[in-house]
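Colleague: Please take a close look at one helix for me. I would like to know what surrounds it and which way its residues face.

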Amino acid sequence: MVEDSTVLDRVYAALADPTRRALLVTLRAGDARITDLAAPRPISFAAVARHVGVLEDAGLVHREVRGREHWLSVRPETLRSAEDWIHDQTSFWSTRADALAERLARKRGRS
């Protein structure tokens with residue numbers, strides 16, 4: 001598996017913040033403007049805009065300008081690359097853990 005560690009670093013840094021994760025959850029309902037994302041939250045429009053900027057830098061959100069409005073949507077393919085990395089690690093370590101458990105079981109059988 002070839003990975004772009006810079007992309008993964010940005011994705012995981014973006015996902016480390018609960019507000020940014022909440023923004024991604026909100027965007028599951030469909031495209032939204034920053035105003036829409038900021039309205040139900042107890043933080044300022046500027047703070048939400050900064051969080052959106054981090055999500056954009058990580059490639060998790062796409063901005064489309066429609067007239068005077070900026071609409072945001074999730075880019076699921078970027079989440080998929082992070083998910084693939086986690087899956088690859090889980091698969092590797094699960095195999096190793098299974099091999100260790102098998103070896104320990106054989107050792108117990110001999111003693």
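Modeller: The cover over the buried residues of H4 includes helix H1 (5–15), helix H2 (18–27), helix H3 (34–38), strand S2 (61–66) and strand S3 (69–74). This is a predicted model, where local features need pLDDT of at least 70, side-chain atom pairs count only at pLDDT 80 or more, and totals for chains, interfaces and linings use all residues. Residues are numbered from 1 along each chain as its sequence is written, and side-chain values use heavy atoms, leaving out hydrogens and water. Helices (H or I, at least four residues) and strands (E, at least two) are DSSP runs, numbered from the N terminus. Contact means heavy atoms within 4.5 Å.

Now the helix itself. H4 has 13 residues. From first C-alpha to last, H4 reaches 18 Å, close to the 18 Å expected at 1.5 Å a residue. That expected span is 1.5 Å times one less than the number of residues.

Ala 47, Val 48, His 51, Val 52 and Leu 55 of H4 are buried. Buried means under 20% relative accessible area, exposed over 50%, and partly exposed in between (1.4 Å probe, protein chains only). Seen down the axis, the buried residues of H4 fall within an arc of 140°, so they line one face of the helix. The arc is that of the directions from the helix axis to the C-beta atoms.

Turn to the other side. The face of H4 away from its buried side carries the exposed residues Arg 50 and Asp 57. Arg 50 has a relative accessible area of 58%. Its C-alpha atom is separated by 15 Å from that of Ala 39, 11 residues apart along the chain.

Just after H4, Gly 59 takes a positive phi of about 80°. Gly 59 is also in contact with Thr 78. Thr 78 sits in helix H5 (residues 76–110) and is buried, at 9% relative accessible area.

Definitions and conventions: Lists of a residue's contacts leave out its neighbours within four places in sequence.
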